[in-house]
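The exercises below are to be worked with the sequence and the coordinates at hand. Each has a task followed by a stepwise solution.

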Amino acid sequence: MKHIVRLAASALALSVTLSGCQDKAGGESAGRDQIRAVGSSTVYPFATAVAEQFVNANPGMKSPIIESTGTGGGMKLFCAGVGAQFPDIENASRRMKKSEFDMCVKNGVKDIIEIQVGVDGLAFAESKQGPGLKLTPEIVYKALAATPFGKGPNTAQTWQDVDASLPAIAISVFGPPSTSGTRDSLAELILETGCQSDPAMKALKEQDEDRFKAVCTRVREDGKYVDSGENDNLIVQKLGANPNAIGVFGYSFLEENLDTLNDIPLNGVPATYENVADGTYPGARPLYLYVKKAHIAAVPGLKTYLETFAASWNPGGMLAKRGMVAATEPVRLKNAEVVKTLAALNGAELK
Amino acid sequence: MTATPSSSVRNPTDWKGAAMQKRIAGRYAAERRFKLLGMAAVLLSAGFLAFLLISMIGNGARGFTRTEITLPIDFRTAPMVVDPATVTAQSLVSANLQDVTAQAAVTALGPNGDTLLSPNAWLTVRDAILDNPQIVTERVVISVPASTSIDLAAKTDASAADEASYARLQQSGMVSTGFNSAFLSASDATDPTQVGIWGAFKGSLLTMIVTLLLSFPVGVATALYLEEYAPKTWWTDIIEVSINNLAAVPSIIFGLLGLAIFLNLLAFPRSAALVGGMTLALMTMPVIVIAGRNAIKAVPPSIRDAALGIGASPVQVVFHHVLPLALPGILTGTIIGMARALGETAPLLMIGMRAFIATPPGGITDPATVLPVQIFLWSDEVSKGFVEKTSAAIIVLLAFLLAMNGLAIYLRNKFEKRW
């Protein structure tokens, strides 16, 4: 049975060697030859697409590692410090908060480059012959929720049932299916906001996140909300045929079809780019990258990766094909300039 | 002598009597009921397993195939200038192969022909040129992957427009669906026609090696010490209870532990197979200890006594007799622990293995992902083409599990025969 002893000994020896490697790996943190990004799951598909493009256009470069941690979780990792063990890029589906910026500065991450890569969002629209509805997230929630505020099934048949100020038109909404990212935006930006108009639901969010999600984001299945597949064109056609119906789709689609569609203002705010950019329109949010300036020189390819992003964010570009909303031209030009000059963000601008 | 009281007279059991027959029938019925119940339980669990396997294989088998379009490209007239003598991957970047491929598709397949190809079809063209640079002076036919919608139309039902495009392609004989070897050799991608499982498979392999190397020696040594050497005191009682509790701790807790200690305190590389393996080793070790202790306990004391009696030292007793006899049982425990570790997702999410990693890991400190996390990532993807890829990845995971268990059972039987 000597060989068993030898086996055990060699296994032990191997694990000792292994722990030797660990020390080396920890000490090796001076350099890293691949880009690391963390953050929002909304930006994840765009970041991975650009990563792929980056590798294809630069053979020999290692593929960037994109981790989907959520914006908040990513900020914590991003702001933990400067060095190879900390990520280079934070993908964010909202602007950095002042508190997060302060945390970064405290940990030595002083120069942060902010790049807006595009807009994520959804718009509500009706045909030009439509009734000219004016909605709020609360009304949308009450009209579409499976069990509004968890008080039994939704019985509203017309918009008037939901809110007395609206006409007595049957509720009929064409929107994205549950597999769609647009549907996630509908749930997060509109339904959850509308749901939280009830203080009880706000309290529920603190206590039981799962139950909150179920009550606030489940959409009724009695035919008032129609899943219209991934094809936004189809929704536009449907709206032409049913002037009383409402369509929910990616914000870029509204812009392209303004000749046949009217946007439905939310909270009295029409869906224009300006309203989207400053955050007053509830259905949209800008998407950002935050990059450590100190890493640009240290991590090979980081600047090229940012340039690849800038080359992909135009309307009709690669990212738009994957469902991102392109920012307006001035914003794109301004951010392309930031990519070129790598100007750092002024923390005083943040809220 | 007094007569025996009539009450104490015992008549022999009347087996033929109606009451007795009824009781016997009742007992047999109870037995049949129990047997049926047991069979129903077995059938139910077998049914669930069959359902899982059939639906997985039904969906996943398609994931191993890919639809390809045979695309004729005439490089002589293509808008590109490449010198076949000096072709490198770098020089082809400026050759604008995207446009060349798209134009060839439009020429061959009509307007919108480029939308029938996978957006990364030009990579196949690039690889073909790298393989044989001479083709840039010729007209060649290259098989490139079709777009996801054509791929779906070829395999299942798709929208009417896609089905029509597919029917047109089929008529011209330019489309074929065959085994997708790239699925086994490529890594993660954003396009379902391009994805592969190799990166995640390699990540799983490296993680499992680290887990085994750490948890097996430590687990076996712990079990041996506790069974053979440790004095029976309140102190060892506490250790025993702690180990039993550790085996029942939810895996996510180990993930948090790994995050706090390995990443934040010791600054090990994030997303690496090394840290994943160490975290999973923490989880696997108590299982090995418990199984190992039971196996060691089951070794008859007479073996120890006999060995000691002919003059073996305690260490010789342990390594020459107890450990080899207990090894089959220890291996069984190790299989169970490793199988659980292989399928684990939650703790690995905490240490950053939930990432887009398109380059397979080269070593244990490289960023990696593992099979269950890859399945999780793909199931989250919006594109419909990922559904069958997810199922195919599950089949790969099951096959990996089966191979691992097979190896362990083989080793176990081998050791059993020797003693």
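**Exercise 1.** Leaving aside its neighbours within four places in sequence, with which residues is B:Phe386 in contact? State also whether B:Phe386 is buried or exposed.

Solution. The model is a predicted one.
- Step 1: locate the residue. B:Phe386 belongs to helix α16 of chain B, which covers residues 385-418.
- Step 2: list the contacts. With neighbours within four places in sequence set aside, B:Phe386 is in contact with B:Pro192, B:Trp378 and B:Glu381.
- Step 3: check a further pair. B:Ile375 is eleven residues away from B:Phe386 in sequence, and the C-alpha to C-alpha separation is 9.7 Å.
- Step 4: classify. A residue counts as buried if 20 or more other C-beta atoms lie within 10 Å of its own. B:Phe386 has 20 such atoms within 10 Å, so B:Phe386 is buried.

**Exercise 2.** Describe how domain 1 and domain 2 of chain B touch each other.

Solution. 
- Step 1: The domain assignment of chain B places domain 1 at 62-180 and domain 2 at 198-418.
- Step 2: take the separation. Between the C-alpha centres of the two domains of chain B there are 45 Å.
- Step 3: count the residues in contact. Domain 1 of chain B contributes six residues and domain 2 of chain B seven.
- Step 4: assign the domain 1 side to elements. In chain B, α1 (18-63) and α5 (148-155) are the elements that give two or more residues to this side. The largest share, three residues, comes from α5(B).
- Step 5: sort by residue type. The domain 1 side that touches domain 2 of chain B has two nonpolar, two polar and two charged residues.

**Exercise 3.** In the open sheet of three strands in chain B, what is the strand order, and which strands stand at the edges?

Solution. 
- Step 1: read the order. The strands of chain B follow one another as β2-β1-β3, with antiparallel pairing.
- Step 2: find the edges. β2 (139-145) and β3 (175-179) of chain B each have a single partner strand, so one side of each lacks a neighbour in the sheet.
- Step 3: examine one pair. Seven bridges join β1 (residues 65-74) of chain B to β2(B) in the antiparallel sense. B:Pro72 is placed opposite B:Val141 of β2(B).

**Exercise 4.** How many residues of strand β9 of chain A are buried?

Solution. 
- Step 1: count. Nine of the nine residues of β9 (residues 284-292) of chain A are buried, so this strand is largely enclosed by the rest of the structure.
- Step 2: identify the partners. β3 (residues 89-92) of chain A runs antiparallel to β9(A), with four bridges. β4 (residues 112-127) of chain A also pairs with β9(A) in the antiparallel sense, over nine bridges.
- Step 3: A:Tyr288 of β9(A) has A:Ala92 opposite, and A:Pro286 is the bridge partner of A:Val119.

How values were computed. Residues are numbered from 1 along each chain as its sequence is written. Chains are lettered from A and ligands numbered from 1 in the order in which they are written. This is a predicted model: local features need pLDDT of at least 70, side-chain atom pairs count only at pLDDT 80 or more; totals for chains, interfaces and linings use all residues. Domain bounds come from an automatic or database domain assignment. Two residues are in contact if their C-beta atoms, placed from the backbone, lie within 7 Å. Ala, Val, Leu, Ile, Met, Phe, Trp, Tyr, Cys and Pro count as nonpolar, Asp, Glu, Lys and Arg as charged, and the others, Gly among them, as polar. A residue is buried if 20 or more other C-beta atoms lie within 10 Å of its own, exposed if 12 or fewer, and partly exposed in between; C-beta atoms are placed from the backbone. Two strands pair if DSSP finds at least two bridges between them.
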